[in-house]
Amino acid sequence: MPALRLYNTLGRELQEFKPLEPGKVGFYGCGPTVYDYAHIGNLRAYVLHDTLVRSLRFLGYEVKHVMNITDVGHLSGDLDTGEDVMLKRAQERGKSPYEIAEFYTEAFFKDTGRLNVRRPDVVCKATEHVQEMIALIKRIEANGFTYQSGGNLYFDVTKFPKYGELALIKLEDLKAGARVEVDPNKRNPADFALWFTKSKFENQAMIWESPWGRGYPGWHIECSAMSMKYLGEQFDIHAGGIDHIPIHHTNEIAQSEAATGRKWVNYWLHNEFLITSSGKMAKSKGGFLTLQTLVDAGYHPLDYRYFLLGAHYRSQLQFSYEALDSAKASRRSLVDTIIALKEKLGTASPAASLGPKAKSYMEAFTAHLCQDLATPRAIAELWGLVRDNDLPPAEALAAANEMDGVLGLDLSKSERAASATADPALASEIDGLVAERVAAKQAKDWARADAIRAELKSKGVLLEDSPAGTTWRLE
Ligand code: AMP
Ligand code: ZN
């Protein structure tokens with residue numbers, strides 16, 4: 001087995017991955033802020049997290065994947081400026097922030113389920129972990145890293161000499177640098193709030209008692225508190241989009257290490273942005289593309305997954321419908337090639353063991369994954385495998401299934417989608433619901449799983465569950 005090498009933002013280099021405990025990986029990926037639908041840029045981050053987890057498991061690691069749901073405390077500006085996004089949306093809709101959070105959390109899992117993103121082992125909501133945050137802030141305070149000002153509690157970045165190491169920013173430059181909008185309570189522009197009591201927002205619905213007064217946590221503390229609760233005070237990998245490097249992750253490191261007095265996370269992975277011809281896609285900008293927009297336009301959610309995996313996660317990726325069309329055509333053609341292999345195989349089963357040639361494809365595929373998750377090359381290997389006429393179909397199929405276990409493209413399962421109905425939009429919708437039901441079952445959300453089965457039944461779709469997975473057919 002080749003060594004897994006990952007590009008660590010901390011150090012800006014490819015490094016051999018060495019877990020804290022042999023064979024085990026603790027992984028935390030920053031989750032969504034649930035005041036709106038995830039846009040297709042956000043979904044790039046979650047497809048990366050899923051690909052990382054699938055790859056690690058494929059390589060034999062036991063992985064614990066933790067993801068937070070930000071349902072409190074996220075202001076529109078990362079520097080403690082702007083509006084409280086949850087509260088603003090709740091007021092606009094005449095709902096409580098909790099109702100808004102619940103609605104968009106469900107929408108998030110619907111989207112990620114349709115993209116075959118497996119549900120993390122632990123999904124934790126910020127609002128349910130405020131006591132853990134308070135306990136952590138107390139430790140940071142006891143170690144002398146905080147000050148109170150204007151009713152809020154702040155982290156003083158000048159007390160943490162390594163501040164900015166992840167982002168390659170120097171404390172000196174930060175002190176001197178003028179920011180556009182600075183909270184006047186801060187001693188240094190880069191200081192950040194751990195706890196707010198003097199809310200500038202009326203009718204703040206989400207508030208808790210704390211040693212610093214009734215209020216609510218700053219945004220960054222939730223990730224430190226929840227990751228430590230579920231993964232321990234040191235863990236292996238932390239991921240998020242590149243926008244998180246200069247502020248959110250920089251602050252997470254400062255406060256975590258200020259509390260524990262030792263190194264917190266060993267490997268930091270960041271995905272580059274998905275952009276459109278008009279620039280970066282941002283939730284706060286509105287008018288963004290969602291997965292549903294793509295489904296409504298006739299694409300299968302997994303066409304989008306294929307599109308994402310066709311680029312390396314550290315390259316900026318420009319979205320266009322032309323590029324998505326090409327991903328869609330490639331995925332369909334891959335599915336058709338696999339259907340043809342299955343036809344050749346007839347009633348026989350895929351091979352239980354691989355011969356030398358199929359093995360060499362698997363080895364090359366594995367080597368690409370080990371090179372910082374080079375998914376475009378891994379997909380190319382899969383193509384080479386299924387098109388190799390020298391390979392017995394039983395072996396080609398067995399190896400393709402293994403590769404697809406990492407890529408998550410449902411290549412074998414999509415057979416019926418391609419053949420059972422001539423209407424690709426309907427097939428795509430059905431596939432999406434089936435994937436969502438699988439995700440609901442994994443999450444033991446039986447009510448949702450049953451509701452989806454009933455919805456499919458009303459569309460004339462019958463499901464068949466077997467140990468190999470779920471397939472469907474039209475009545
Ligand atoms: P949010 O829900 O806004 O907190 O963002 C969720 C995740 O999406 C974070 O890891 C962000 O870094 C990431 N992200 C935000 N915008 C983009 C984008 N345009 N492309 C890729 N990732 C993004
Ligand atoms: Zn985070």
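## Overall architecture

Of the 475 residues in this chain, 57% count as buried, where buried means under 20% relative accessible area, exposed means over 50% and partly exposed lies in between, with a 1.4 Å probe and protein chains only. The structure is a predicted model, in which local features need pLDDT of at least 70, side-chain atom pairs count only at pLDDT 80 or more, and totals for chains, interfaces and linings use all residues. Residues are numbered from 1 along each chain as its sequence is written, chains are lettered from A and ligands numbered from 1 in the order in which they are written, and side-chain values use heavy atoms, with hydrogens and water left out.

The chain has 16 helices and 18 strands; these are DSSP runs, numbered from the N terminus, with helices (H or I) of at least four residues and strands (E) of at least two. Along the principal axes, the C-alpha atoms fill a box of roughly 75 × 50 × 40 Å.

## Contacts and surface

Among contacts with a separation of 6 or more, 76% join residues 24 or more positions apart; a contact means heavy atoms within 4.5 Å. The chain exposes about 19,700 Å², of which carbon and sulfur atoms supply 50%. Accessible areas come from the Shrake-Rupley method with a 1.4 Å probe, and for residues only the protein chains shown count as cover.

Helix H6 (residues 221-231) is largely enclosed by the rest of the structure, because nine of its eleven residues are buried. The buried residues of H6 include Ile-221, Ser-224 and Leu-231. Gly-232 follows H6 and has a positive phi, near 95°.

Gln-255 is found in helix H7 (residues 245-260) and counts as buried, at 0% relative accessibility. Leaving aside neighbours within four places in sequence, Gln-255 is in contact with several residues, among them Ile-221 and Ser-224, both of which are buried in H6. The side chain of Gln-255 also reaches the backbone oxygen of His-220 at 3.0 Å.

## Two buried loop residues

Asp-156 lies in the loop between strand S9 (152-155) and helix H5 (171-176). Asp-156 is buried, with a relative accessible area of 4%. A polar contact of 3.1 Å joins its side chain to that of Asn-188. Such a contact is a pair of N or O atoms within 3.5 Å; within protein, one must be able to donate a hydrogen and the other to accept it, and residues adjacent in sequence count only if both atoms are side-chain atoms. Beyond neighbours within four places in sequence, Asp-156 is also in contact with Phe-145, Tyr-147, Arg-187 and Asp-191.

Gly-408 occupies the loop between helix H13 (393-407) and helix H14 (415-420) and is buried, with a relative accessible area of 3%. Leaving aside neighbours within four places in sequence, Gly-408 is in contact with Arg-54, Asn-116, Leu-302 and Arg-305. The C-alpha atoms of Gly-408 and Val-47 are separated by 9.5 Å, although these residues are 361 residues apart along the chain.

## A partly exposed strand residue

Glu-83 is found in strand S6 (residues 81-84) and counts as partly exposed, at 40% relative accessibility. Its C-alpha atom is separated by 21 Å from that of Asn-188, 105 residues away along the chain.
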